[in-house]
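Trainee: I am new to this structure. Can we go through it step by step?

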Amino acid sequence: MVPPPRRHGRDDVPVNTTATEDELEPVGLIRQSGAVLRLGRLSLSAGTGSYRVKATMERAARALGMARHEAHVTLTEITATSHRGPIFRTEVTEVRSIGVNSDRLMEIERYVSALPEETTVEELERGVDRIASKPLLYGRVANALFAAVACAAFAFLNNGGPVECAGVFLAAGSGQLLRRTLLHKGFNQFAVTMLAACLASFMYLGLMMALDSTVAAWGGHEAGYVSAVLFLVPGFPLVTGALDLAKLDYSAGVARLTYAVMILMSAALAVWGVSTLAGVTPDVVQPLDIPTGLLLTLRLVASFLGVLGFALMFNSPWTMALSAATIGMVANVLRISVVEQGLAPQAAAAIAACLVGLITAVVAPAIDVPRVTVYVPAVVIMVPGATAYRAVYYLNDHASTTALGYAVDAGLIVIALAIGLALGRMLTDRGWMFER
């Protein structure tokens, strides 16, 4: 028997087995599909959530005249199918480097939003080339300086004094400089995280010893010791992963959260190893004895600088970073104040994150930037890094019950932050409130 002719992308249309590629599938669709996939890959590599990658690709595909475009996006992969009439093309791409580039996300958002209805492949490719070739706004030293400022602000918010803040500034800056250098050379991210955490921890302890501190006094420096490694907190994956779950995109959401937890565990294990060698214990640090008015002012300044440092570390332009810092300053000080009044930390985190989401819904369109680039730095400062460290410390110290308590506290606060942001987004975006 003679086998029936093969079919390729069409319904009820036989295809000759000796047909050329042009006859099987128009070259125009091949180029269109490739250009849209490249744009999606660029967006994914900048650290945004899968829902935003899908929306970006769909808008570009519509501008090119495609009938339909569908994509499956995970943490590192995109599988996309482009439709035009009765034919389709499916392609797969992979992103191996996981990072954050807020400036690139802004450029992509502005470019795609301005695409005319009838865009050519050549025009789209030129736009993607321009965005991809744009260099980072800040060099390695400046990036390390931003991390140092953010972590020093964290140290004060964690009840550290001037000495602790100064030590954290130097230690965190050194750790981030090492981290960025190694990542840009292609080293494994988890190994780099542990190395950077070890360097920052050792440097902080060394600086304290140089200032005539004694091993017996290390507990008093615990606020600074933990804060010195908070530049390693994976804020973007934590937040975008939770938002992906809110959009029912479980494959991307679970992958992002798993990656974030592995980064946190890598950092926490390194910090625990150094603390064991040095005899540091994760004692809760008592608040500084400062008059109420001055304390509130200093918390406002520290919150502003902390969010600003993280935003700039994510390669945000200054307008975007200052907006995020202002929003985060108000929300974080409100969170701290209501917790001191007796409100559960989880409830306070949810309220603060929702406030961030609501304000960002107004501010981000006004300055023409994606919302995620504003509200992620604003809530990163609320992530309970010290609590997570205590959970790992006591787990390795065979105090399982105490470790579980701290782990649950940290997990609930992270979940509350995600719920607050998702609620703020649903209240201000019909695309989030209603399923299409």
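The questions below cover charged pairs, annotated spans, aromatic rings and helix packing.

Mentor: Keep one point in mind from the start. This is a predicted model.

Trainee: How many salt bridges does a search of the whole structure find?

Mentor: Side chains of opposite charge can pair when their charged atoms come close. A salt bridge needs a Lys or Arg nitrogen within 4 Å of an Asp or Glu carboxyl oxygen. By that test, the search of the whole structure gives a total of 16.

Trainee: Take E122 and R31, which meet in a salt bridge. How many residues apart in sequence are the parts this pair ties together?

Mentor: The N to O distance is 3.0 Å, within the 4 Å limit. E122 sits in helix α5, residues 121-133, and R31 sits in helix α2, residues 27-45. The pair therefore ties together parts whose separation in sequence is 91 residues.

Trainee: Is R31 buried, partly exposed or exposed?

Mentor: Buried means under 20% relative accessible area, and exposed means over 50%. R31 has 35% relative accessibility, so it falls in between. E122 also has 35% and counts as partly exposed. The class for R31 is partly exposed.

Trainee: Which helix holds E125, and which holds R31?

Mentor: The side chains of E125 and R31 meet in a salt bridge, at 3.2 Å from N to O. The pair ties together parts 94 residues apart in sequence. E125 is partly exposed, at 27% relative accessible area. E125 lies in helix α5, and R31 lies in helix α2.

Trainee: Where does D368 lie, the partner of R110?

Mentor: R110 and D368 form a salt bridge of 3.2 Å, N to O. R110 belongs to helix α4, residues 102-113, and the pair ties together parts 258 residues apart in sequence. Both ends are partly exposed, R110 at 32% and D368 at 44%. D368 lies in the loop between α14 (345-367) and α15 (372-380).

Trainee: Which residues are linked in a network of salt bridges?

Mentor: Here the salt bridges join up into a network. Its members are D103, E107, R130 and K134.

Trainee: What percentage of residues 300-424 is helix?

Mentor: An unreviewed UniProt entry annotates this span as "domain: Threonine/Serine exporter ThrE". In the model its end C-alpha atoms are 23 Å apart. Strand makes up 0% of the span. Helix makes up 85%.

Trainee: How far apart do the end C-alpha atoms of residues 374-392 lie?

Mentor: The unreviewed UniProt entry lists "transmembrane region" spans, including 321-338 and 374-392. Residues 321-338 are 100% helix, with end C-alpha atoms 26 Å apart. Residues 374-392 are 79% helix and 0% strand. Their end C-alpha atoms lie 30 Å apart.

Trainee: Which residues do the ring pairs link into a cluster?

Mentor: F310 also pairs with F314, at 6.3 Å centre to centre. Their planes are 35 degrees apart, and the pair is tilted. Both F310 and F314 are buried. The cluster is made of F154, F236, F310 and F314.

Trainee: Is α6 parallel, antiparallel, perpendicular or oblique to α7?

Mentor: Two packed helices are described by the angle between their axes and the distance between the axes. α6 and helix α7, residues 162-184, have axes 7 Å apart and an angle of about 140 degrees. That angle makes α6 oblique to α7.

Trainee: Are α2 and α3 roughly parallel or roughly antiparallel?

Mentor: The axes of α2 and helix α3, residues 50-63, come within 9 Å. α2 passes α3 in a right-handed crossing. The two helices are therefore roughly antiparallel.

Conventions. Residues are numbered from 1 along each chain as its sequence is written. This is a predicted model: local features need pLDDT of at least 70, side-chain atom pairs count only at pLDDT 80 or more; totals for chains, interfaces and linings use all residues. Side-chain values use heavy atoms; hydrogens and water are left out. Helices (H or I, at least four residues) and strands (E, at least two) are DSSP runs, numbered from the N terminus. Buried means under 20% relative accessible area, exposed over 50%, partly exposed in between (1.4 Å probe, protein chains only). UniProt positions are given in the numbering used here, feature names are shortened, and annotations may be inferred rather than shown by experiment. Rings of Phe, Tyr and Trp (its six-membered ring) pair if their centres lie within 6.5 Å; planes under 30 degrees apart count as stacked, over 60 as edge-to-face and the rest as tilted. Axes are lines fitted to C-alpha atoms, for helices over the stretch in contact, and angles run from 0 to 180 degrees between N-to-C directions. Angles under 35 degrees count as roughly parallel, over 145 as roughly antiparallel, 65 to 115 as roughly perpendicular and the rest as oblique. A crossing is left-handed if the near helix is turned anticlockwise from the far one by less than a right angle, and right-handed if clockwise.
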